[in-house]
Amino acid sequence: MTFIQTNRFLLRPIEVDDAPVFARLCNDALIARNTARIPHPYTVEDAETFCLAISRAFALGTEYAFAICNGDEIIGCCGVMRVTNEVYDLGYWVAEHARGKGVAGEAACAVACFAFERLGAETLLAGHYTDNPVSGRVLEKTGFAKTGEIRKQFSLGRGGEADCARVRLDRAEFAAPAGINFA
C-alpha cells in the first residue's frame with residue numbers, strides 16, 4: 001500500500017468500504033459536470049463499482065487513485081491513470097465543503113510527486129473543461145503548462161461532450177514541494 005502525507009492531508013488508496021462516503025460526496029452536480037467518469041445522480045452502486053474497479057486498477061498498476069483525507073474524513077480524490085509507461089493522466093475532485101481551501105492543489109502536487117518519483121513518469125497530462133477555469137488555475141499552480149490543445153471530452157455528468165483544455169507537466173519542469181512523504 002502507498003500512502004502520501006502532505007503538510008495537511010493523508011492521501012491513501014481507495015478501499016471498497018469507502019463507497020458510502022464516495023456516494024454521498026460525488027452525488028454533486030458540479031463534481032459530475034467537471035469530471036469525465038462521474039454520473040449524476042451518483043448512487044451507492046456507482047460508488048461500489050468505482051471503489052472495486054479502482055482497487056483492482058491500483059493493484060494492476062494501471063491507475064492510482066487516492067482518497068484525500070483530512071484526519072479521518074475523506075474530502076476528495078486525486079489520482080493518475082497510466083497512458084504509457086512514462087505518461088500518466090492526472091485528475092481530481094474535491095467535496096463541496098472543502099473547496100476553495102487549496103485541497104486540490106496540495107493533492108495534485110502530491111500525486112504528481114508520486115507519479116514522478118515512484119512510478120517513473122516522465123510526463124503528466126491533464127485537462128479541464130473550458131467552463132471550469134478554477135481547475136485550470138489549480139493545474140497551472142501545480143506546474144502544468146497549456147498545450148494549446150482544446151478537444152472534445154465526454155462527461156457522464158454532462159451527458160455529452162464539452163471543450164476540454166489540455167495541459168502538460170514534464171518531470172524536468174516539476175518543482176516538488178517540501179513536506180511530501182511516502183509510506
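Two strands count as paired here if DSSP finds at least two bridges between them. By that rule β2 and β3 pair up, with 4 bridges joining the antiparallel strands. The legends below walk through close-ups of a predicted model.

**View 1**
For β7, residues pair with β8 (residues 160-170) in the antiparallel sense, over 8 bridges. Look for Gln153, which sits opposite Ala162 in β8.

**View 1**
Ala67 is a handy landmark in β3: Arg12 stands opposite it, and Cys77 is its bridge partner in β4. Between β3 and β4 is a hairpin with 2 residues between the strands, and there Gly71 takes a positive phi near 65°. How much of β3 is buried? The count is 7 of its 8 residues, so the strand is largely enclosed by the rest of the structure.

**View 1**

**View 2. Helix α1 crosses α3.**
Two packed helices are described by the angle between their axes and the distance between the axes. For α1 (residues 19-26) and α3, the angle is about 120° and the axes are 8 Å apart. Angles of 65 to 115 degrees would count as roughly perpendicular and those over 145 as roughly antiparallel; α1 and α3 are therefore oblique to each other. The crossing is right-handed. On the α1 side, the contacts come from Ala19, Phe22 and Ala23, which meet Val44, Ala47, Glu48, Phe50 and Cys51 in α3.

**View 3. Thr142 is tucked into helix α5.**
Thr142 belongs to helix α5 (residues 133-142). Is Thr142 buried or exposed? At 6% relative accessibility, Thr142 counts as buried. The Thr142 side chain reaches the backbone oxygen of Val138 at 2.8 Å. Skipping neighbours within four places in sequence, the contacts of Thr142 are Gly105, Ala108, Cys109, Leu169 and Phe174.

**View 4. Gly127 and its contacts.**
Gly127 is in strand β6 and is partly exposed, at 27% relative accessibility. Not counting residues up to four places away in sequence, Gly127 touches Leu139, Cys164, Ala165, Arg166 and Val167. Gly100 is 27 residues from Gly127 in sequence, and their C-alpha atoms are 19 Å apart.

**View 5. Glu86 in the β4-β5 loop.**
Glu86 lies in the loop between β4 and β5 and counts as partly exposed at 46% relative accessibility. Which residues does Glu86 contact, leaving aside neighbours within four places in sequence? They are Gly120, Ala121, Glu122 and Thr123. Glu86 and Glu122 are 36 residues apart along the chain, while their C-alpha atoms are separated by 5.1 Å.

Conventions: Residues numbered from 1 in each chain as written. Predicted model: local features only at pLDDT ≥ 70, side-chain atom pairs only at ≥ 80, totals over all residues. Heavy atoms only, no water. Buried < 20%, exposed > 50% of the residue type's maximum accessible area, 1.4 Å probe, protein only. Polar contact = N/O pair within 3.5 Å; in protein donor to acceptor, adjacent residues only side chain to side chain. Contact = heavy atoms within 4.5 Å. Axes fitted to C-alpha atoms, helices over the stretch in contact; angles between N-to-C directions. Parallel < 35°, antiparallel > 145°, perpendicular 65-115°, else oblique. Left-handed = near helix turned anticlockwise from the far one by under 90°.
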